[in-house]
Amino acid sequence: MKKNSSLILYGIVVLVLLALPLVVTNDYDIHILVMIGIFSLLAIGFNLIFGYLGQLSLGHTAYYAIGAYASALAALKWGFSFWLGFLFAGVVTGICGFLIGVIALRWRSHFFVIATICFWGIIHLIIFNWISLTNGPVGLGNIPPPSLLGMEFSSKIHFYYLLLAFVLAALWLTKRFISSPIGRSFRAIHENEPLAESVGISAFRFAMLAFILSTVLAGIAGSISAHYISYISPEIAEFSVMITILVMVVLGGKGTLIGPVIGAAIIVFLQEYLRFTKEFRLPIFGLVLILGIVFLPRGIVTLPDIIASYWKRAK
Amino acid sequence: MSGSFFSTQDLTIRFGGLTAVDHLNFEILQGEILSLIGPNGAGKTTAFNAITGFLPLSEGSIHFCGKSLTGLRAFQIAQQGLVRTFQQTSVFPEVTVEECVVMGAHKSAETGILPVLLHSSRYRKKEEEVNEQVRKILTFTGLTEKSDVLAMNLSYGEQRLLEIAVALAAAPKLLLLDEPVSGMNPEESRSTMELILAVRKQGITVLLVEHDMNVVMDISDRIVVLNYGKKIAEGSPQEVCENHEVIEAYLGSSLKCSL
Amino acid sequence: MIFVQQLVNGLIIGGVYALIAVGLTTIFGLMNVVNFAHGEFYMLGGMIASLLMQFADLNYFLSLVAAIALVMCIGYFVEKILLKRLRNKKTDILVAGALVTIGVSIFFQNVGLLVFGSVPRLITSPFSTEPFKLGAILLGRMNFFAALVTVGVILFSHFFIKKTTLGMAMRATFQDKDVAALVGVHIDRVFSFTFMLGAGLAATAGALLGPIYIIYPNVGESVILKAFVIVVLGGMGNFLGAIFAALILGVSESLGAAYISAEYRDLIGFVMVLLILLFRPSGLFGKINRI
């Protein structure tokens, strides 16, 4: 019974999302939805390694940037289509995730955080200074949009549906993993690593899986971003992007399925519609981060539960 | 050596200048309950941690069912069938009792990426098997009623019971219990003892590290006594009790020998 | 001769790196918190000193001392108001501490931006710009002063931790928090003081480097990266290790920038960290030493 009713709920949500562009016709609003989509992918991926496994991949923007540049360069230099490009981006970032994982995941916690930041530092330096490859601060432009069945993506709505497909796929993938023994292993490692090891769970192996998945998702998000905006520069590797992703996941609810998406939606809304607070954007994020961790450590997703339990206690 | 169920050869663990375990040789026979005892600081827990892969060996080797465990990581040793519990209460705190045991059943579960994504029939069958196994273990340890309680909300005695349940879910051939009755009242100790005997009846060999001499004398088939990292006695409870060195080592502490 | 010159430059900058890193590694070793706001304490040290010189008409040396004192107060409040609350909860202190200090770091960066403006500042050096000449080596007077203060402060910290009661309390807490609490050490006070000390050290570095390198509100970002690199290289929680690692990094960067490439100077540290993690994760200097 329960399974059927949640399936119906999913179905309705998907239908609504599919029909959304009929209602939301403003080009700018569609752009917001596309940005929510891109950041959702980033947040969902980050949530895998950070939310479920508790490892803070603080250099995560590196993979976003690598994906964007890999896809862009493949398109500009080798004529890759977007469809080949995003696969290429995923492979490259997956390999990076594997390498960094081998170095950093054997010793988790603080070493992992610092190692991921160092890798980010290296990537940032390379993107900025290897001018012959990346054009440095000038960036790469004229990145061609995707084409489907011979037609180029000419409207933001096309990107909306592309992103919708990817985000739904990412959510499906996450759900499948998390509700399986793989997800239980993630949980076990996060709750009590020595105990997990004592029943045969290899913390390293599962952390690697989560990490590589997260880097691949970041790479794909980068690729889509590159072909959407059609211009990329070292700015996409800036630490402020990392903060944004972090706030999205922490606020939305780390370790939950749709928390990252909700967080992405909220933050993108705030960023775009409250344009006048541009200078205050980052300090507000900082405050949100602090307040969030102290008061709502499980994120907004748990707000209904918290309110419910207060209600019960008040009675 | 390779014929025995479990044995250590010259197991030595050093920390800097301190030799915590000194050329320890002992055997565990299949189907028995062996207790490892000794005064505080004798090296029991150190040896325990080394055997289960949580500490590296400085010298020596460990063999189990014909395979060498030397140098294997903790999870690999667990996969070989050697499962341990921890001295300090160790559960998955924010997870229900049932889920804890499900997590313990990792070895029986399907973790291949494709089967998981595709929900293949093999995957579904294994999940059913896991659920069945968990149900049995919960009944066996008497935790069925507490299935939906969060592990951290259990009483101390219940948590220690849960530890054993989780360890059993990992399908051990050899179960290593690290002070399973510490902090328990006589009643709880008694029921834990009965549980350990029932575990042995299931065909699982048990290694026990324990301070409570009542428990040790009552359920052990054999006892190994350590002092200052060295084995000073080995044999049946009666034999060990009458051993001069053992009596000397325990001088001042309670070594109850009334059988 | 370039070599020796670069070596000396590297040692001096390495010394100042050490000031920053020692505070970070001590905070980590004692409180198990990775203080992401550490770079901002550096920035605040420099900025406040600059402001005091500009608006309160204080001379450099007084501004230096006042800035350090002020930043230590700020550090005290951050610890009391935020970090202390986290300790009482059941959250994973490492991740929660990291996130909260990231938030604090963002906050201070933007406060800095609002208050100090985005124009980078260079504190006017109290010394003449004519460098000392030691043989063929040139040594800026400000650089020399910075090196002296650095050595002094580090020696002071080292002896403080070794000889005083509070220092002993710190060492006890470092080894085993729970036991220290049991024997009557005021853990909260130790934590407050440790955090203040770390902040003060970073601020000292900021105010010392103010006349040499420019200060801008986001300078903390590059500072914290350097500090992380050094702390990992030296072994997290390892006081002496941090000092040696800082010197090694300073010299490597200086030589690397001179002989290989200037733009990729920061790359050296990052690559070293990844290599260390691959081969010797406890740092170049072995196990965690006592502070």
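Let's start with two neighbouring strands in chain B: strand 1, residues 6-15, and strand 2 pair in the antiparallel sense, and seven bridges join them. If you want one spot to look at, find I13(B), which stands opposite V21(B) in strand 2 of chain B. Please keep in mind throughout that this is a predicted model.

Those two strands belong to an open sheet of four strands in chain B, with the order 2-1-4-5 and antiparallel pairing. Which strands stand at the edges of it? They are strand 2 (18-28) and strand 5 (67-68) of chain B; each has a single partner strand, so one side of each is left without a neighbour in the sheet.

Chain B has another sheet for us to visit. This one is an open sheet of six strands, and you can trace its order as 6-7-8-3-9-10, with mixed pairing. Its edge strands, pairing on one side only, are strand 6 (82-84) and strand 10 (230-235) of chain B. As you step from one strand to the next, the twist averages 20°.

Strand 6 of chain B pairs with strand 7 of chain B, residues 174-178, in the parallel sense, over three bridges. Within that pairing, R84(B) has L176(B) in strand 7 of chain B as its bridge partner. A helix packs on this sheet too: helix 7 of chain B, residues 186-201, touches strand 3 (33-37), strand 7 and strand 8 (205-209) of chain B. The direction of helix 7 makes about 150° with that of strand 8 of chain B.

Now let's zoom out to chain B as a whole, which has ten helices and ten strands. Its radius of gyration is 19 Å, close to the 18 Å that the globule rule gives for 259 residues, so chain B is as compact as a globular protein of that length. Taken along the principal axes, the C-alpha atoms of chain B fill a box of roughly 60 × 40 × 35 Å.

So much for chain B; on to chain A and a pair of its helices. Helix 3 of chain A (residues 61-78) and helix 4 of chain A (residues 82-104) have axes that come within 8 Å and cross at roughly 140°. That angle makes helix 3 of chain A oblique to helix 4 of chain A. The crossing of these two helices is right-handed.

Who meets whom there? From helix 3 of chain A, residues including Y63(A), I66(A) and G67(A) take part, and on the side of helix 4 of chain A you will find, among them, L84(A), F86(A) and F88(A). The residues of this helix contact divide into eleven nonpolar, five polar and no charged.

Last stop: how the chains come together. Which chains share the most contacts? Of the two pairs of chains in contact, that is chains A and C. Chain B and chain C, on the other hand, do not touch, and their nearest C-alpha atoms are 11 Å apart.

The contact between chains A and C takes 34 residues from chain C and 31 residues from chain A. On the chain C side, helix 3 (60-88), helix 4 (93-116), helix 9 (219-234) and helix 11 (265-279) each supply at least two residues. Helix 4 of chain C gives the most to that side, with twelve residues. And the make-up of the side of chain C that touches chain A is 26 nonpolar, three polar and five charged residues.

Key: Residues numbered from 1 in each chain as written. Chains lettered and ligands numbered in written order. Predicted model: local features only at pLDDT ≥ 70, side-chain atom pairs only at ≥ 80, totals over all residues. Contact = placed C-beta atoms within 7 Å. Nonpolar A, V, L, I, M, F, W, Y, C, P; charged D, E, K, R; others polar. Pairing = 2+ DSSP bridges. Axes fitted to C-alpha atoms, helices over the stretch in contact; angles between N-to-C directions. Parallel < 35°, antiparallel > 145°, perpendicular 65-115°, else oblique. Left-handed = near helix turned anticlockwise from the far one by under 90°. Rg over C-alpha atoms; globule rule 2.2 N^0.38 Å.
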